[in-house]
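Colleague: I'm still new to reading models. Please walk me through this one, starting with a helix.

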Amino acid sequence: MVEFDAFAGDIALGGLRNMLEIKILVCYILSRVNEPMSRKQLCDSLQQNGLVNYFDTNVAIDDLLNQKMLKEKEYQKETCLTTTEAGKENAETLETTLSPSVRERSVNTALKVLARAKAEREVKVDITKTETGYSVTFRIDGLGENLLTLSLYAADILQAEQLRENFLNNPAEVYSEIIGLLTTNRG
């Protein structure tokens, strides 16, 4: 029987409450995404699925840093975490301790968190108050050029924030859809 030594608050059914499993999952995620993650990004990705709560994730990270399974490095102007060779080896050896669904969900969510962070670095969204509502301006730059600038009207701040969030979730899709619509022969 697995001993529960982690706090159960905010953990969904099927989430992890064993500190060893949490540590394995942290190393597994970092070894699979192939990109350093900030502590906040890692915590957010585990909390989004209800796999591990915030406090236990931080305890696991601190323990793994002390055990030299993780190391901190500067990446994208912030302190991020990566696995050491020992951390990678342990994650590979013990990954079968975790269910396939936990492994898959956690890596997919971590990749989404990283994609969102990349979008926030590479695109700009400005929300400006107008006399009758808000102007939301989206800008995508790439290849040394401005690829897209689009302004939309929003009736209130909630709608403006929703436009911003949905755009940041997948700016490439928005760009592709606009290009597709404008280059399709509809005549």
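Colleague: How far apart are the end C-alpha atoms of helix H6, and what span should its residues give?

Modeller: Helix H6 covers residues 157-169, and at 1.5 Å a residue its 13 residues should span 18 Å. The end C-alpha atoms are 18 Å apart, which agrees. The expected span is 1.5 Å times one less than the number of residues. Helices (H or I, at least four residues) and strands (E, at least two) are DSSP runs, numbered from the N terminus.

Colleague: Before we go on, where do these values come from?

Modeller: This is a predicted model, where local features need pLDDT of at least 70 and side-chain atom pairs count only at pLDDT 80 or more, while totals for chains, interfaces and linings use all residues. Residues are numbered from 1 along each chain as its sequence is written, and side-chain values use heavy atoms, with hydrogens and water left out.

Colleague: Why do residues three or four places apart in an α-helix point the same way?

Modeller: An α-helix has 3.6 residues a turn, so residues at that spacing point the same way.

Colleague: Let's pick Leu 168. What does Leu 168 touch?

Modeller: Leaving out residues up to four places away in sequence, Leu 168 touches Arg 116, Ala 119, Glu 120, Val 123 and Val 125. A contact means heavy atoms within 4.5 Å. Leu 168 has 3% relative accessibility, so it counts as buried.

Colleague: What happens at the start of H6?

Modeller: A side-chain oxygen of Asp 156 comes to within 3.1 Å of the backbone nitrogen of Leu 158 there.

Colleague: New topic, rings! How many aromatic pairs does the structure hold?

Modeller: Two. In one of them, Tyr 54 and Phe 55 are edge-to-face, 5.5 Å centre to centre with 85° between the planes. Rings of Phe, Tyr and Trp (its six-membered ring) pair if their centres lie within 6.5 Å; planes under 30 degrees apart count as stacked, over 60 as edge-to-face and the rest as tilted. Phe 138 and Phe 167 pair up too: their ring centres are 4.6 Å apart and the planes are at 45°, so that pair is tilted. Phe 138 is in strand E5 and Phe 167 in helix H6, so this pair ties together parts 29 residues apart in sequence.

Colleague: Are Phe 138 and Phe 167 buried or exposed?

Modeller: Both Phe 138 and Phe 167 are buried. Phe 55, at 56% relative accessibility, counts as exposed, and Tyr 54 is partly exposed at 41%.

Colleague: Which charged end sits over the ring of Tyr 134?

Modeller: The one on Lys 129, 5.0 Å from the ring centre. A charge sits over a ring if NZ of Lys or CZ of Arg is within 6 Å of the ring centre and within 35 degrees of the ring normal.

Colleague: Last one: how many of the residues of H1 are buried?

Modeller: 13 of the 15, so H1 is largely enclosed by the rest of the structure. Helix H1 runs over residues 19-33, and just after H1, Asn 34 takes a positive phi of about 55°.

Notes
Polar contact = N/O pair within 3.5 Å; in protein donor to acceptor, adjacent residues only side chain to side chain. Buried < 20%, exposed > 50% of the residue type's maximum accessible area, 1.4 Å probe, protein only.
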